[in-house]
Amino acid sequence: MAREPGWSVRLKLTLSYAGVIMISGAVLLLAVWVFLLRYVPDVGIRGQPANGRLMPNFPDRSDLVVAFLPRVGVMLAALLVFGLVGGWLLAGSMLAPLTRITHATRLAANGSLSHRILLEGRNDEFRELADSFDTMLAQLEAHDAEQKRFAANASHELRTPLAITQTLLEVARNDPGRDTKDLVDRLHYVNTRAIDLTEALLLLSRANQRAFTREDVDLSLAAEEATETLLPLAEKHGVTLETSGDRALTVGSHALLLQLTTNLVHNAIVHNLPADGTVWVRTSARSGFVVLEVENTGQKLSPQVVSTLTEPFQRGTQRVRTDHAGVGLGLAIVKSIAQAHDGTVTLSPRPGGGLRIKVRLPAGG
């Protein structure tokens, strides 16, 4: 936005310092006049001989005024020069950190998020501002890198089904006598995967934008609904679902929190033991927050692998080749939904194998 040019802050501070010094000097000189010169008589005492000795002269008020006022003018002029020069240097020294912050702001506006102010010295208002700005730049840089990585991964994931579809169509064109039923089935599967990925991306975007209506949601009911919906999938994989816990009331979007719970249970079923696996779904209410915990048996996972599972398109140690493999956004969506509800997601490997995920949300009601 265009603004009219104005005085610099340094000039304003300089004039302010000089003005304060001039006013202080004038008040001090006025005090000298009021409290000292008023005791000087209007008519002075001139020296006269007494006993052969000459008495000293005592000046009157007019004599002191003649001697005092010129020096007052010189003193005020000196104070003015001192205030302007000293104020200019002092203001420049005080505003030096602000100049560095302004420079960093311009670099960030031009896309350079790696620059840091790193203001040295003890803590004060400028250093607190600089540290806050450095923290913001670090968060923006991390978010920008995450968005670029996500865009690259999403482009790759979306390109894969399109490339497969193109290959299948070219094969069908080059081989008109080929069985179309197998081609249609494979095209249907690839198209379904592309639709699932697109819907997951839209859901992730919606969660990040926090574009939802808030209402009271009981996580225990969401857990029961999710387990009932995924019960056939669990039976197909030979996984036992166990749901327990107390009423856990929070505030948010019922649809998104149900999606969060469903993703967690779905992930726990798919990434489990080949047979006789178990998934535990628990809810609890604490002081000021509620907890949804989903725990499953499975292969042993290292802490390094677990720390990457909430990143988009991460599927643990290997990709799952089943009809319900997902698109690699399940836990990323869980993290985004939890953050949109001012909550946190904690992942930890189970000692005997598998994963334990805790979602902590603010309590409602």
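## Aromatic rings

Rings of Phe, Tyr and Trp, the last taken by its six-membered ring, form a pair if their centres lie within 6.5 Å. In this predicted model, a search of the whole structure finds zero aromatic pairs.

A ring does take part in another kind of contact. The charged end of arginine 360 sits over the ring of phenylalanine 289, at 3.6 Å from the ring centre. Arginine 360 belongs to the uncovered face of strand β9, and β7, which spans residues 289-296, pairs with β9.

## Overall composition and confidence

The chain has eight helices and nine strands. Of its 365 residues, 33% count as buried.

The average pLDDT of the chain is 81, and 85% of the residues score at least 70. Residues 317-325 have a pLDDT below 50, and this stretch makes 16 contacts in the model beyond near neighbours in sequence.

## The five-strand sheet

Five strands form an open sheet with mixed pairing, in the order β4-β6-β7-β9-β8. The edges are β4 (239-245) and β8, each with a single partner strand, so one side of each lacks a neighbour in the sheet. On average, neighbouring strands of this sheet are turned by 15° against each other, direction ignored.

Helix α5, residues 219-237, lies across β4, β6 (277-285), β7 and β9, and runs at about 170° to β4.

## Strand β9 and its partners

Strands of a sheet pair through backbone hydrogen bonds, either parallel or antiparallel. Strand β7 pairs with β9 in the antiparallel sense over eight bridges. Within this pairing, valine 294 has isoleucine 357 of β9 as its bridge partner. β8 and β9 also run antiparallel, joined by six bridges, and serine 348 stands opposite arginine 356 of β9. Five residues separate β8 from β9 in a hairpin, and glycine 353 in the turn has a positive phi of about 110°.

Which residues of β9 make up its covered face? They are Leu355, Ile357, Val359 and Leu361, while Arg356, Lys358, Arg360 and Pro362 make up the uncovered face. In a regular strand the side chains alternate between the two faces of the sheet.

## Helix α8

How many of the 11 residues of α8 are buried? Eight of them are, so the helix is largely enclosed by the rest of the structure. The buried residues are Leu331, Ala332, Ile333, Val334, Ser336, Ile337, Ala338 and Ala340.

Most residues other than glycine have a negative phi. Aspartate 342, which follows α8, has a positive phi near 60°. Aspartate 342 lies in the loop between α8 (330-340) and β8 (344-349). Is aspartate 342 buried or exposed? At 52% relative accessibility it counts as exposed, because the cut-off for that class is over 50%.

Leucine 118 also has a positive phi, near 50°. Leucine 118 lies in the loop between α2 (61-109) and α3 (125-174). With a relative accessible area of 62%, leucine 118 is exposed.

Note on methods. Residues numbered from 1 in each chain as written. Predicted model: local features only at pLDDT ≥ 70, side-chain atom pairs only at ≥ 80, totals over all residues. Heavy atoms only, no water. Phe/Tyr/Trp six-rings, centres within 6.5 Å; stacked < 30°, edge-to-face > 60°. Lys NZ or Arg CZ within 6 Å of the ring centre and 35° of its normal. Helix = DSSP H or I, 4+ residues; strand = E, 2+ residues; numbered from the N terminus. Buried < 20%, exposed > 50% of the residue type's maximum accessible area, 1.4 Å probe, protein only. pLDDT = per-residue confidence, 0-100. Contact = heavy atoms within 4.5 Å. Pairing = 2+ DSSP bridges. Axes fitted to C-alpha atoms, helices over the stretch in contact; angles between N-to-C directions.
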